[in-house]
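Let's take a walk through a protein model together. Have the sequence and the 3D view open, and follow along one stop at a time.

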Amino acid sequence: MSSHRLYRCFVKNTLSSLLLVVALSQAATYADAADFSTDLGETLSASELSDYEITIFPNGKNLPEGKGSVIQGEKLYKGRCMMCHGEEGDEGPAARLKGSDGWISFSDPLRILRINKYPVLLISVGSLWPYATSIFDYTRRAMPHYAPKSLNDDEVYALTAYILYLNDLLEKDVVLDEKRILNIQMPGKNRSISAWPEFK
Amino acid sequence: MKPTNVSSKDLVAVAKGGVLDRRSFILSGLAFSSSLAVSNVAASDSVGASKINQSIPTWMKTPGGSDTEYGAPSKYENHIKRNVAEHTPETSIFSIWHTPIENQRGIITPNGLHFSVNHNGIPDIDPQKHKLMIHGLVDKPLTFDMESLLRYPMVSAINFLECAGNTAPNAVSVTPLDQTCQGLFGQVSGAEWSGVPLKYILQEAGLKPTAKWVIVEGADGGSHSRSIPVSKLLDDAIIALYQNGERLRPSQGYPMRLFVPGWEGNANVKWLHRLEVTDKPAFTKDESGLYSDILDDGKIQRFSFHMDVKSVITHPSGKQVLPEKKGFYEISGLAWSGYGKIKQVEVSADGGRTWALAQLEQPVLSKSLTRFHIPWQWKGDSAMLLSRATDELGRVQPTRGQWREKYASYSFNHYNAIQAWYISSDGVVENSYV
């Protein structure tokens, strides 16, 4: 930062707020004073930002081009995910990747034992998550846990496809891409309500 | 002046601890004038008078050790430690560290004992290379380095921080688990947080009229992210740079974290590096599953940011044993609300049949731990200790039954029911439901 800018900033922030404090006596505190504006931020260029703009929104914003099949996803899953999430995506220290939420499942009588060891197995990506785009987003930024951001976009599409397949939300012969992912209707969406009054 | 001609052989000890025979000096030929200090010792010895009883503790008779550049607790307090939740062992990348809340007095948790939940381990961030970016629905996308952020006007506030999953075992376990207060309530702590109000950064970038949410992201391996409403960020949120007077610890988000007073811990994004201003939430991983509430009718409630009014008796608490069968004890505990100040705390020793108002220790601050006390004369019979907090908005802690009615049997977040500690006639304190 140039010394000229430093000086300008000092004058602007300090002098104006000092004057304000004097003028209002005890009426306003420095931090409440509306009469100063800060300007120490530097311009963020599009090229600086592009490496970091990784958030995928439910409307598809920021989704990269790419594709991956359920079959490819299954192979990748066995090599890089199964050791933690289990053969079927319903074991391990994280939330279940597939199936219903809750204590009991008639098709899975041992679930309760696994929950005893790992209580977060009470919840499930397949039943709670409202958007498939979030599976893509999270897998790409954070998984596999020991090597986050190591997967390429096609691999992330394939793994997302496989998790959707595990939840009967895709057929086995499907290839997922940036368009198709937006058509997936996740069961968690219709169950969703918002506690935040400004967003319904 | 140095006693050059004295050898240790010449000095005759007459008592333990280095008390010398006065004749030593004559034998050695040392002049009295050579050392004032030595001559005084000899002089007092010469009158044969009594001195301070030598059975006093050693540390009162010897010079102490030196201090250190960064102080540490007494070695006798070494057992006061955080512990890690069993299902998230310290070897895992996702780990949950509980504060020993029953050992705390006052409302401030020491930095080394503050609870922490790390979903992707603790990153080692070089502050010289770390930047905060703001972009999206703003007039000017901006970036800030540490040097410039540290020059902004700062504010400080004493606030609690609580994980949405604090006390989850009591939310979901059918029978009360016999655990300590640390195990059940160790995901809440109190500290003074200092930093830059977020509104300065948002105003500098210039919010577009459609700006409603900010996707707040950390620079950790998993790029933890949460969607936070703009209205909260313009209200009392800060970019926290200091905790209890020192720069943030790595496990609390060094070099900077978002601090949103009164809101669930997970929303207080650590290792903060990016603010993306939007019109809608992103439905990130933690707002898709782990940090939602499942209601009794099966609905999934999202964006329940506030930590509701809650309290717990810390003295005495789970797995402790009252040292004396009967007699005077002071019951003490903590109350807090993510909506404002604590207005009152009531305590019951008979399982909720009768209640008495506890004394609130000053200061009583908004969205902060508040310490309460009440004297208790234990008669030696079994007892059931309860505390029930009310905040300034009139929000009262529900009973466990009332809380459970709202949620599915397996919903574990945002549990704030009245806590009960059963005390047996042997003085053993145990987690209990009423």
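What share of the contacts in chain B with a separation of 6 or more comes from residues 24 or more positions apart? The figure is 71%, where a contact means heavy atoms within 4.5 Å.

Some ground rules come next. Residues are numbered from 1 along each chain as its sequence is written, while chains are lettered from A and ligands numbered from 1 in the order in which they are written. This is a predicted model, in which local features need pLDDT of at least 70, side-chain atom pairs count only at pLDDT 80 or more, and totals for chains, interfaces and linings use all residues; side-chain values use heavy atoms, with hydrogens and water left out.

Chain B has an average pLDDT of 91, and 89% of its residues score at least 70; pLDDT is the predictor's confidence in each residue, from 0 to 100. Residues 1-43 of chain B are another story: pLDDT stays under 50 there, and the model has 31 contacts beyond four places in sequence for them. Where pLDDT is low, the predicted coordinates should not be read in detail.

Now for the build of chain B. It has 9 helices and 26 strands, which are DSSP runs numbered from the N terminus (H or I and at least four residues for helices, E and at least two for strands). Of its 434 residues, 54% count as buried. Buried means under 20% relative accessible area, exposed means over 50%, and partly exposed is in between (1.4 Å probe, protein chains only).

The buried ones are B:Leu198, B:Tyr200, B:Ile201, B:Leu202, B:Glu204 and B:Ala205. Just after the helix, B:Gly206 takes a positive phi of about 80°.

A loop can hold a buried residue too. B:Phe305 sits in the loop between strand 17 (300-302) and strand 18 (310-315) of chain B, yet its relative accessible area is 1%, so it is buried. Leaving out residues up to four places away in sequence, B:Phe305 touches A:Trp196 as well as several residues of chain B, among them B:Trp213, B:Arg226 and B:Trp263.

For a contrast, hop over to A:Ser107, in the loop between helix 4 (82-85) and helix 5 (111-117) of chain A. With a relative accessible area of 72%, A:Ser107 is exposed.

While you're in chain A, find helix 3 (residues 70-80) and helix 8 (residues 153-166). Their axes come within 7 Å and cross at roughly 95°; axes are lines fitted to C-alpha atoms, for helices over the stretch in contact, and angles run from 0 to 180 degrees between N-to-C directions. The two helices are therefore roughly perpendicular to each other, a label for angles of 65 to 115 degrees (under 35 is roughly parallel, over 145 roughly antiparallel, and the rest oblique). On the helix 3 side the contact includes A:Leu76 and A:Tyr77, and on the helix 8 side A:Leu159 and A:Tyr162. In helix 3, A:Val70, A:Gly73, A:Glu74, A:Leu76 and A:Tyr77 are buried, and these buried residues pack against strand 2 (67-69), helix 4 and helix 8 of chain A.

Most residues other than glycine have a negative phi, and most peptide bonds are trans. A:Lys149 has a positive phi, near 65°, and lies in the loop between helix 7 (132-142) and helix 8 of chain A. B:Thr167 also has a positive phi, about 70°, and at 1% relative accessibility it counts as buried. As for cis peptide bonds, one joins B:Tyr254 and B:Pro255, with omega about 5°, and another runs from B:His315 to B:Pro316, with omega near 0°.

Last stop: how many disulfides are there over all chains? The structure holds 0, a disulfide being a pair of cysteine sulfur atoms within 2.5 Å. Take A:Cys84: the closest cysteine sulfur, in A:Cys81, is 8.7 Å from its own, so the two are too far for a bond. For B:Cys163, the nearest cysteine sulfur is that of B:Cys181, 16 Å away.
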